[in-house]
Amino acid sequence: MKKQLCITALAIFGILTSNAQDSGDYELGVGLGLNLANVSTIDGQNNASSRTSFNAGVSGEYYFSDRWGLKAKLTYDSKGWSDGFVEDLESNNKVTTDFKLNYITLPIMANWHFGSNRNWYLNFGPYVGFLVNAEDSKLGLDLKDTFKSTDFGLAFGIGYKFEIDDNIKLYIEYDEQSGLSDIFEENSGGVIKNGRGSFNIGALFSL
């Protein structure tokens, strides 16, 4: 009886751990998400309304073990904020508008996989963002020269993977980016930093 229980326990353990990635494995992913973007001052205060936007991109991960990997993403990331102000030069009036700042972001993160079959993961690391365009929603003004061409900060997130077969998984995750640099080219006031949270879905492919 004890022998049977031992064999059964080993079999269950084998099933639970058979889906974990091994050292040297690669995993590619595609995904998209809903962004809640905003800006904050150097003391972390949010002085503007959040802007709902989106992101879409690809990812790659190299596994050092079944628990640790190095993950990089390349993402089209729409950031900015709502209910800001621009000056209408024709009427000399301030106009309430949304600021749309679109970046190509590259986070490089350590990815820790946990849980009995390593389906949960937690990642963290730095990111750099390259400004693609910037405009306001009301007047359609090109504001790219107003903002710095690069944005730096920290990225972190948590997610869960659902196995479809041996080589394909679906995932859901929540991730955040917290900027560390001023986004304005010239700023006479306090430092203004990007920030955004995102709910993402996508697929992962083992190589």
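Predicted model: local features only at pLDDT ≥ 70, side-chain atom pairs only at ≥ 80, totals over all residues.
Local features need pLDDT of at least 70 and side-chain atom pairs count only at pLDDT 80 or more, while totals for chains, interfaces and linings use all residues. Numbering runs from 1 along each chain as its sequence is written, and side-chain values use heavy atoms, with hydrogens and water left out.

Turning to glutamate 173, this residue sits in strand E7, residues 168-179 (strands are DSSP runs of at least two residues, numbered from the N terminus). Glutamate 173 counts as buried because its relative accessible area is 7%, the cut-off being under 20% with a 1.4 Å probe and protein chains only. Its side chain makes a polar contact of 2.7 Å with the side chain of tyrosine 121 (a pair of N or O atoms within 3.5 Å, one able to donate a hydrogen and the other to accept it; residues adjacent in sequence count only if both atoms are side-chain atoms). Leaving aside neighbours within four places in sequence, the contacts of glutamate 173 include Lys71, Lys73, Ile158 and Phe199.

Leucine 180 lies in the loop between E7 and strand E8 (192-206). With a relative accessible area of 57%, leucine 180 is exposed (over 50%).

How values were computed
Helix = DSSP H or I, 4+ residues; strand = E, 2+ residues; numbered from the N terminus. Contact = heavy atoms within 4.5 Å.
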